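Work through the exercises below with the sequence and the model open. Each task is followed by a solution in steps.

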Amino acid sequence: MSEATRSLLLRWGASFRKGTDFDSWGQLVEAIDEYQILARHLQKEAVSQPNNSEFTEDQKKTLAKIATCLELRSAALQSTQSEEEFKLEDLKKLEPILKSILTYNKEFPFDVQPVPPRKILAPGEEEDLEFEEDEEEGGAGAGSPDAFPARVPGANEGTLLPRLPSEPGMTLLTIKIEKIGLKDAGQCIDPYITVSVKELPCLDSLQDLTCENSYLNGIDLTPVQDTPVASRKEDTYIHFNVDIEIQKHVEKLTKGAAIFFEFKHYKPKKRFTSTKCFAFMEMDEIKAGPIVIELYKKPTDFKRKKLQLLTKKPFYLHLHQTLHKE
């Protein structure tokens with residue numbers, strides 16, 4: 001066993017114990033986070049190329065099955081159902097298997113199969129799935145169209161773009177996403193925000209289904225950007241503290257355009273990233289200084305015609321705008 005593999009096994013073991021400790025102490029949010037992190041690492045190793053791994057194919061299958069069990073336990077912690085849950089005592093049976101993965105040659109104790117890597121659904125795919133949402137989540141969300149490169153599943157760094165070069169007499173806009181308020185903020189896994197700038201085409205210009213789709217989803221005026229995963233959670237707030245550089249001069253934005261903020265998080269039970277809610281800013285709201293905007297139920301309504309508040313409680317998206325002009 002190489003030193004690198006020995007170190008890897010020690011880190012996995014420490015992460016496993018950390019998760020089960022949180023679980024046994026009743027710190028469910030922390031346990032879910034730890035289980036998800038470890039599951040991703042095990043899944044990554046399970047699909048690695050032979051020349052990049054010291055594990056055999058059978059050992060990789062075992063790692064993938066352990067990852068499945070971590071996902072199942074994570075899902076059980078978020079489920080309101082008491083039947084057919086994956087128990088903590090069951091999960092603890094896997095610790096010695098993970099520790100001795102290089103010599104383990106017995107049958108896996110649970111009838112599970114490796115799960116595919118996490119995926120983020122394309123626009124509209126969520127609508128074909130059955131949901132068990134709470135009353136504030138509403139129906140299924142469609143998310144942003146893929147007119148520009150989409151977020152890579154599992155990526156934590158986001159897809160933020162640098163500020164455009166300045167032009168004489170033109171104004172650039174930086175929006176700092178400070179935080180979002182949600183009643184279940186602590187339960188959101190890998191939360192991030194997708195930012196897009198949209199306009200709607202004139203109805204008279206609709207010629208075919210492609211144009212009709214543009215009317216429903218809006219036309220992207222700038223590349224879509226994803227924030228990194230949130231920096232921290234605190235009570236009913238998820239903190240981001242990231243700057244979004246809008247990729248178009250303010251003077252070039254059309255009057256009817258809007259800037260959309262779609263809050264997304266990973267759902268281990270469904271194994272995809274879901275849009276929980278959205279917010280938007282219209283052009284007359286572009287002003288230097290802080291701004292607090294309302295949150296609406298999904299699916300994201302780019303037409304802004306059928307808006308439903310996410311909750312009656314005072315939860316908002318907190319932003320700060322900075323205008324740059326030469």
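**Exercise 1. Two loop residues**

Task: Locate Asp184 and Leu182, and decide from the relative accessible area whether each is buried or exposed.

Solution. Asp184 lies in the loop between β2 (171-181) and β3 (189-199), where helices (H or I, at least four residues) and strands (E, at least two) are DSSP runs numbered from the N terminus. The model is predicted: local features need pLDDT of at least 70, side-chain atom pairs count only at pLDDT 80 or more, and totals for chains, interfaces and linings use all residues. Residues are numbered from 1 along each chain as its sequence is written, and side-chain values use heavy atoms, with hydrogens and water left out.

Asp184 has a relative accessible area of 13% and is therefore buried; buried means under 20%, exposed over 50%, and partly exposed in between, with a 1.4 Å probe and protein chains only.

Leu182 is in the loop between β2 and β3. With a relative accessible area of 2%, Leu182 is buried. Leaving aside neighbours within four places in sequence, its contacts (heavy atoms within 4.5 Å) include Cys188, Thr236, Ile238, Phe263 and Phe315.

**Exercise 2. Helix packing**

Task: Describe how α1 packs on α2, and how α2 packs on α3.

Solution. Two packed helices are described by the angle between their axes and the distance between the axes. Axes are lines fitted to C-alpha atoms, for helices over the stretch in contact, and angles run from 0 to 180 degrees between N-to-C directions.

Step 1: the axes of helix α1 (residues 3-25) and α2 come within 8 Å and cross at roughly 155 degrees. α1 is therefore roughly antiparallel to α2; angles under 35 degrees count as roughly parallel, over 145 as roughly antiparallel, 65 to 115 as roughly perpendicular and the rest as oblique. The residues of this contact divide into 9 nonpolar, 4 polar and 5 charged. Here Ala, Val, Leu, Ile, Met, Phe, Trp, Tyr, Cys and Pro count as nonpolar, Asp, Glu, Lys and Arg as charged, and the others, Gly among them, as polar.

Step 2: α2 (residues 28-46) and α3 (residues 57-78) pack at about 160 degrees, their axes 8 Å apart. This pair is therefore also described as roughly antiparallel. The contact of α2 with α3 comprises 14 nonpolar, 4 polar and 4 charged residues.

**Exercise 3. Strand pairing**

Task: Trace the partners of β9, then give the strand order of the open sheet.

Solution. Two strands pair if DSSP finds at least two bridges between them.

Step 1: β8 (residues 258-267) pairs with β9 in the antiparallel sense over 10 bridges, and Ala258 stands opposite Glu282 in β9. The hairpin of β8 and β9 has 4 residues between the strands, and Arg271 takes a positive phi near 60 degrees there.

Step 2: β9 and β11 (residues 296-297) pair in the antiparallel sense over 2 bridges, with Tyr296 in β11 as the bridge partner of Phe278. In β9 (residues 272-282), 10 of the 11 residues are buried.

Step 3: the open sheet of 5 strands has the order β6-β7-β2-β12-β10, with antiparallel pairing. Its edge strands are β6 (232-234) and β10 (289-294), each pairing on one side only. The twist averages 25 degrees from one strand to the next. β10 pairs with β12 (residues 316-325) over 6 bridges, and Glu294 stands opposite Tyr316 in β12.

**Exercise 4. Backbone exceptions**

Task: Which bond is cis, and where do Asn241 and Arg304 lie?

Solution. Most residues other than glycine have a negative phi, and most peptide bonds are trans.

Step 1: a cis peptide bond joins Lys298 and Pro299, with omega about 0 degrees. Pro299 is in the loop between β11 and β12.

Step 2: Asn241, in strand β7 (residues 237-245), has a positive phi near 50 degrees. Asn241 is partly exposed, at 43% relative accessible area.

Step 3: Arg304 lies in the loop between β11 and β12 and has a positive phi near 60 degrees. Its relative accessible area is 17%, so Arg304 is buried.
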